[in-house]
Amino acid sequence: SAASDVYKRQIADYPLVEVKWYDAVGDSGWMDINKAILSKPARPVSLGYKLSHTKDKIIIFTDYIVDDEDGTLTIGNVTCIPAAWVQDVTEITFNDK
């Protein structure tokens, strides 16, 4: 089954990626209307392992634990970004020497 396939995966199955994306910015305080009109979205850059990338979203995670006994993965710091907010996804590779 697909669930058991994911269960057997190793960290090498998830490429390291840099995601450049847009995010909403808000301010709940009072603001001059002329200042408000100049508001811009934030432009975060996130680095993590790519869990999934579909037409709707990209999911990355930054932390993981490999079980000592059966080798299964537990992941942490999961971020799900709507695809419409994503500017660019770049795979990070390292040159082995």
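**Overall fold and strand pairing**

The protein contains two helices and five strands. The model is a predicted one. In sequence order, its elements follow the pattern α-β-α-β-β-β-β.

The overall dimensions were examined next. The C-alpha trace spans about 60 × 30 × 25 Å along its principal axes. The radius of gyration of the protein is 18 Å, whereas a compact globule of 97 residues would have a value near 13 Å. Buried residues account for 14% of the 97 residues, where buried means under 20% relative accessible area.

The protein carries 10 positive and 15 negative charges. Of the contacts between residues at least 6 apart in sequence, 56% join residues at least 24 apart.

Strand β1 covers residues 16-21 and pairs with β2, residues 45-53. The two strands are antiparallel and share five bridges. Strand β1 also pairs with β5, residues 86-91. This pairing is antiparallel too, again over five bridges. Val 19 takes part in both pairings: it stands opposite Ser 46 in β2, and its bridge partner in β5 is Val 89. Side chains in a regular strand alternate between the two faces of the sheet.

Note on methods: Residues are numbered from 1 along each chain as its sequence is written. This is a predicted model: local features need pLDDT of at least 70, side-chain atom pairs count only at pLDDT 80 or more; totals for chains, interfaces and linings use all residues. Side-chain values use heavy atoms; hydrogens and water are left out. Helices (H or I, at least four residues) and strands (E, at least two) are DSSP runs, numbered from the N terminus. The radius of gyration is taken over C-alpha atoms; the globule rule is 2.2 Å times the number of residues to the power 0.38. Buried means under 20% relative accessible area, exposed over 50%, partly exposed in between (1.4 Å probe, protein chains only). Contact means heavy atoms within 4.5 Å. Lys and Arg count as positive and Asp and Glu as negative; His and the chain ends are not counted. The place of a charge is taken as NZ of Lys, CZ of Arg, CG of Asp or CD of Glu. Two strands pair if DSSP finds at least two bridges between them.
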